[in-house]
Amino acid sequence: MEEMIDLTGDGGVLKTVVRKAKDDAIAPSESLPLVDVHYEGTLAETGEVFDTTHEDNSIFSFEIGQGAVIKAWDIALRTMKVGEVAKITCKSEYAYGAAGSPPEIPPNATLIFEVELVACRPRKGSSLGSVSDEKARLEELKKQRELAAATKEEEKKKREEAKAAAAARVQAKLDAKKGKGKGKGK
C-alpha cells in the first residue's frame with residue numbers, strides 16, 4: 001500500500017495516493033483554482049457512505065481556498081494533480097467539527113473521502129495571461145509530441161533502409177553464386 005502523508009502535521013488530514021497522476025499532469029494553482037472532482041465520502045467509524053458523485057456520475061466543482069468546502073479538501077486538493085485518485089482521511093476539526101452535518105454526519109466525525117481530481121480550470125473572466133500561459137504550455141506539449149513522433153518515424157525509415165540494403169547485399173551474393181555456377185559447366 002502507498003504511504004500515508006500527514007498534510008497538516010497533526011494527523012488532521014491524511015492523504016494516501018490510490019492512483020498516481022501522469023508526471024506532466026497539471027495541478028491546481030493561482031491561475032487554475034477551479035477544480036472538478038469525483039468523490040465518495042464515508043464515515044470512518046461505520047464505513048457508511050454519506051455522499052458520492054459516483055451514483056449519478058456527476059462532477060462536483062469548487063474554487064480552492066475560498067472556504068466553499070471543508071478545510072481538509074482545501075488542503076488536500078492543493079497537493080493533487082489531474083488524474084490522481086487519493087484517499088483523504090480528515091478529523092472532525094478539518095471537516096464538520098462538533099456540530100457535524102445532521103442527519104448524515106454526526107458530531108466530531110472522522111471522514112474518509114476517495115477523491116479523483118478530474119480537471120483544473122481558470123476562473124471565469126480570469127486574466128488572459130493565465131489562460132494564455134496554459135495554452136502555451138499545451139502548445140509546447142504538442143510540439144514535444146510531434147517532435148517525438150517525427151524522431152520515431154525517422155528511426156523507422158532508417159531501419160527500413162538498413163533492411164533494404166541488407167536484402168540487396170544478400171541478393172547480390174546469391175546472384176554472384178548463380179553466375180559462378182554457370183561458368184563452371186563450360
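**Close-up views of a predicted model**

**View 1. Glu84, a buried residue in the loop between H1 and E6.** With a relative accessible area of 7%, Glu84 counts as buried because that value is under 20%. The model shown here and in every view below is predicted. Glu84 belongs to the loop that runs between H1 and E6, and its side chain makes a polar contact of 2.9 Å with the side chain of Lys15. Once its neighbours within four places in sequence are left aside, the residues in contact with Glu84 are Lys15, Val17, Arg19, Lys20, Ala21, Thr79, Val115, Glu116 and Leu117.

**View 2. Glu63 and its polar contact with Arg123.** Glu63 is part of strand E5, which spans residues 60-63, and its relative accessibility is 17%, so that it counts as buried. The side chains of Glu63 and Arg123 are joined by a polar contact of 2.6 Å. Apart from residues up to four places away in sequence, Glu63 touches Pro33, Leu34 and Asp74 as well as Arg123.

**View 3. The largest nonpolar core, with Trp73 among its most connected members.** In soluble globular proteins, nonpolar side chains tend to be buried together. The largest nonpolar core of this model holds 29 residues, and those with the most contacts inside it are Trp73, Leu77, Leu111 and Phe113. At least two residues of this core come from each of strand E3 (34-43), helix H1 (71-77), strand E6 (85-90) and strand E7 (111-121), and E7 gives the most, with 5 residues. Trp73 is in contact with Val37, Tyr39, Phe60, Phe62, Phe113 and Val115, when its neighbours within four places in sequence are left aside.

**View 4. The largest pocket and the residues that line it.** The volume of the largest pocket is about 210 Å³. Its lining consists of 13 residues, and of these Tyr39, Phe50, Asp51, Tyr96 and Phe113 lie nearest the centre of the pocket. Sorted by class, the lining has 10 nonpolar residues, 1 polar residue and 2 charged residues.

View 5. Most residues other than glycine have a negative phi, and most peptide bonds are trans. Asn57, in the loop between strand E4 (49-52) and E5, has a positive phi, near 50 degrees, although this residue is not a glycine. Asn57 counts as exposed because its relative accessibility is 59%, a value over the 50% cut-off. The loop between E6 and E7 contains Asn108, another residue other than glycine with a positive phi, here about 55 degrees. Pro103 also has its place in the loop between E6 and E7, and the peptide bond that leads from Pro102 to Pro103 is cis, with omega near 0 degrees.

View 6. Val18 sits in strand E2, made up of residues 13-19, and is partly exposed, its relative accessible area being 47%. Although Val18 and Glu2 are 16 residues apart along the chain, their C-alpha atoms are separated by 7.2 Å. With neighbours within four places in sequence left aside, Val18 is in contact with Val85, Ala86, Lys87 and Glu114.

**View 7. Gly11 in the loop between E1 and E2.** Gly11 lies in the loop that links strand E1 (4-6) to E2, and with a relative accessible area of 17% this glycine is buried. Gly11 and Thr89 are 78 residues apart in sequence, whereas the distance from C-alpha to C-alpha is 9.0 Å. Not counting residues up to four places away in sequence, Gly11 touches Asp6 and Lys91.

**View 8. The whole chain, as context for the close-ups.** The protein chain has 2 helices and 7 strands, and from the N terminus on its elements follow the order β-β-β-β-β-α-β-β-α. Of the 186 residues in the protein chain, 32% are buried. When contacts between residues at least 6 apart in sequence are considered, 65% of them join residues at least 24 apart.

Notes. Residues are numbered from 1 along each chain as its sequence is written. This is a predicted model: local features need pLDDT of at least 70, side-chain atom pairs count only at pLDDT 80 or more; totals for chains, interfaces and linings use all residues. Side-chain values use heavy atoms; hydrogens and water are left out. Helices (H or I, at least four residues) and strands (E, at least two) are DSSP runs, numbered from the N terminus. Buried means under 20% relative accessible area, exposed over 50%, partly exposed in between (1.4 Å probe, protein chains only). A polar contact is a pair of N or O atoms within 3.5 Å; within protein, one must be able to donate a hydrogen and the other to accept it, and residues adjacent in sequence count only if both atoms are side-chain atoms. Contact means heavy atoms within 4.5 Å. On a 1 Å grid over the protein atoms alone, a cavity is a set of points where a 1.4 Å probe fits but cannot get out, and a pocket is an open set with protein on both sides within 12 Å along at least five of seven lines; lining residues have an atom within 4 Å of a point. Grid points are joined across faces, edges and corners, and a volume is the space filled by probe spheres set on the points. Ala, Val, Leu, Ile, Met, Phe, Trp, Tyr, Cys and Pro count as nonpolar, Asp, Glu, Lys and Arg as charged, and the others, Gly among them, as polar. A nonpolar core is a set of buried Ala, Val, Leu, Ile, Met, Phe, Trp, Tyr and Cys residues joined through side-chain atoms within 4.5 Å.
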